[in-house]
Every structure is written in structure tokens, then in C-alpha cells.
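Subject: Structure handover

Hello,

My notes come after it.

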Amino acid sequence: MQFKSLSGLLAAAAVTSACTLPTSTISNTFAGPIRVQVQNASYPAVNNLYMNLLAAGGGDQHLFVGPVGTPTYDLDLTAGSIGHGVIHAVIGGEDSTIDDTTKMFMTERGDPRALFQPVWACNPETDAVQINLNFVGKQNAPPGGWICVRPTFDGAHEFRYYPPNNSKFDPNRFCIKVQLVLVPQGTTTVSTVSTTSTTSTTSSSSSSTSTTLTTSTTSSSSSSTTSTTSTSSSSSSSTTSSSSSSSSTSSTSTTSSTSSSSSSSTSSTGTPTPLPYTDMTANGFRFIGCAPEERRATDGPGRVLPSALYAEDTMTNEKCMAFCATHGYAYAGTEYRRECWCGNGPIAPGRVPGTTLASLAGCNFSCMGNTAQICGGDSWLSLYQKCPTGGPCVNNVFT
């Protein structure tokens, strides 16, 4: 393994002709500091912007393409995994059955990591040499797929994983395929792996002072506040195959945010009980229990409530119940502090919650929008059922 100046390699490549790529292979471990840039020239809403971090609680970090989040200049790459200190980019949580995509975020937990391989490439717009982070796949899963971005709120986009051989898509919120690019900060060096050396008369010493890839870090703050409606017209830029989707109900975070904000003015604040759940009977929903998601269950993949997902960083149980009720669902559930899931049942036998106090242990995360409330847990759903109009509305009893 050789360590070479990144500026030297890039300069040597630029001396001969436009974007003559170095022949060396880049190691998948890069101490940094680096930034991660997003490229898709056919989708200007994110093109040439950068990966931002936003605290999610418990040490986790959401990953956004601006303007939401904090610009981060000190990322690293370890064995193909993008990291920031003790946390790494993983694939897990907020699975969508509509398009079979899964959120990518950063955590210290042992979720499957998103794995990348850095390779030399030419910038598709400027023809400058750059380092692409080619997506290898999800750890411990079949290789392939890609990373895409999907609109969330305030003009931001979240990172998601689109698995291999997937043909589903969400007609209301397309997940647009993007290329991630490793952008060194300062005088970073790149570790290269030497390939063959029969007659080692290579002249890679033609280094000179040059403008390195760090020049591409200019004005990432010039992100346009594109509305999420722009994604519908850019659906052709997505490389997802436009085969027919089997999804029937989809709900966007834009529509949900309006419905939840109106509900907060008319609903009570959901007072917590001595038991580890939030009493929502005043809002017309009774608590069923803490239901296991697929990572905790033994009946195969799938969500307890697969019909609709609404997620935001100000999630409360009121917002979730209002959202699911507005869209005509009989069941609602909160999970992982910020997720709201809806469905009409019936609840699969392997996902029916227990009725003991011990069965509630998994639902121990406070809601991001109200820390006095419980919003599920790590792959555990705080499950509620809509009460009949004019009928009794009583929570399950736990002993």
C-alpha cells in the first residue's frame, strides 16, 4: 500500500489532457477529513450540494442534503463505511413498503452499514478528476442497489437505499438516484493500492502544486429552496425502472405536516400514564401494546402497519393519530422517536403485542416532538387502534 499526495495525483492526471485518470486503485479506508458531495446533473435540487448531519437523539444523526442539517467537513471512510467519530452510515429504519427503500442514517449501533468503494472518475460537468464513492451494497445483504435521495421537508432531501432488483417506486415521492463523491479537505492524502509491477518505470513523480478536489467545496450553501412538488417533474431523471408499482396508498410528508399541525390545535397533549405508553383515548385511539417489527419478530419481513409512513423530527402521538385518521386508517403507531405508521389491519399473528408489563419494554423512546411521550423503540411500534364513534375507548390492560 502506498500513500501519495492527492494533489500530486490529480495534478499529474490533469497535465496530459482533460481528465486522464490515475491508474492506481484507491483504498477503501480514508482517514479524512472529507466531505461527501451529491451529484445528479439532471436533478438541480441536490446537484453539487453536500451531505449534512442533523442530531436525531441517542447519538444518532440524520443525513440530509441541505438546507437542513449542519455542514460537516470532518467525515472519514473506514473499510468502505462513511463515518463521523464513533458513528457510521447504516441502512435501517423507516422502511417504505411503497417503494421498498430504506433510510440511510448514522449511528453507533450495529445496523448493516452502507458500503462504498472510492474510484477515480471524471466530473460529468467540469471533466475534472474526482473520487466517486461507488455504492457497493448493504452490509450482509446481496451486493448492488444504489443510494437515492427523497424530498422530506423545508426543501431538504434524505438519503435512502434502493435495493437491487427492485422495481417499485412511490409516485408521490420519487427517490432520485445520486452519485456520492469524496471531497478531501485541506492537505489530505489518499491511500492507494499498488496493482501490477513488472517493470516499475512509472513516472508518477510529476507532482506539482495544483488546485485539488477541495476546490469543489465552494458555496455549498447556495442550495435552492426547491419545493417537493418539483420532484414529480424530475421523475425521468431517476434511473429506477418505471415498471408498474403495486403500491396503492402513499402519503407524503408534505401533506402530513399540514394535517398534523391542524390537529395539534384541536387535540389534547396526550398525558403520559405511569405505564410506559402515552394515553391517547382523548384523541379517539386506544393503546394496544408494543408490537415487534421484522427485526424483532420471527414471521418474516414486513411492517406491522405497512400502508403509509409519515416521519418528521417534531413527531408526537397526536400528529401520528391525526395523520392516520385523516387518511382513513384504523391503526396508527409511532416508532423510533420520529416515525408514524398507518394501516387497516388485521395485525399479523406474529406481530400482535403482548399484554404483560414486560412486553412494553421495547417501546422506550421518547417522541422527538414531545419528550414526555413514548414513540416506540428500535424496531418496536407503539400500536394504537381507532375507537368506534360513540363507543368505548379503553386502553389494553397490562399485568
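Below is what turned up in the model, which is a predicted one.

Disulfides first. The count is seven. Three of them are described here.

Cysteine 19 pairs with cysteine 122, S to S 1.8 Å. The link is left-handed, with -105° about the S-S bond. This pair ties distant parts of the chain together: the two are 103 residues apart, with cysteine 19 in the loop between helix 1 (6-16) and strand 2, and cysteine 122 in strand 11 (residues 114-122). Cysteine 19 has a relative accessible area of 13%, so it is buried. Cysteine 122 is at 29%, so it counts as partly exposed.

Cysteine 320 and cysteine 340 are also joined, with sulfur atoms 2.1 Å apart. Cysteine 320 sits in helix 4 and cysteine 340 in strand 21 (residues 339-343), 20 residues apart. The torsion is 75° and the link is right-handed. Cysteine 320 is buried at 0% relative accessibility. Cysteine 340 is buried too, with a relative accessible area of 0%.

Cysteine 367 and cysteine 375 form another disulfide, sulfur to sulfur 1.9 Å. The torsion about its S-S bond is about 90°, so this disulfide is right-handed.

Among the buried ones are Glu318, Lys319, Met321 and Phe323. After the helix comes glycine 328, with a positive phi near 80°.

Next, tyrosine 331. It lies in strand 20 (residues 331-335). Its relative accessibility is 14%; the cut-off for buried is under 20%, so tyrosine 331 is buried. Which residue does its side chain meet in a polar contact of 3.2 Å? The partner is glutamine 385.

Now the cores. The largest nonpolar core has 39 residues. Met51, Ile82, Met104, Phe116, Phe159 and Leu180 have the most contacts inside it. Methionine 51 touches Val36, Leu63, Phe64 and Leu75, among others. Another core lies apart from that one, with 23 residues, among them Phe285, Ala332, Leu360 and Cys363.

Last, serine 27. It is in the loop between strand 2 (25-26) and strand 3 (30-39). Serine 27 is buried, at 7% relative accessible area. A polar atom of its side chain lies 3.1 Å from the backbone nitrogen of threonine 29.

Best wishes

Methods: Residues are numbered from 1 along each chain as its sequence is written. This is a predicted model: local features need pLDDT of at least 70, side-chain atom pairs count only at pLDDT 80 or more; totals for chains, interfaces and linings use all residues. Side-chain values use heavy atoms; hydrogens and water are left out. Helices (H or I, at least four residues) and strands (E, at least two) are DSSP runs, numbered from the N terminus. Buried means under 20% relative accessible area, exposed over 50%, partly exposed in between (1.4 Å probe, protein chains only). A polar contact is a pair of N or O atoms within 3.5 Å; within protein, one must be able to donate a hydrogen and the other to accept it, and residues adjacent in sequence count only if both atoms are side-chain atoms. A nonpolar core is a set of buried Ala, Val, Leu, Ile, Met, Phe, Trp, Tyr and Cys residues joined through side-chain atoms within 4.5 Å. Contact means heavy atoms within 4.5 Å. A disulfide is a pair of cysteine sulfur atoms within 2.5 Å. Lists of a residue's contacts leave out its neighbours within four places in sequence.
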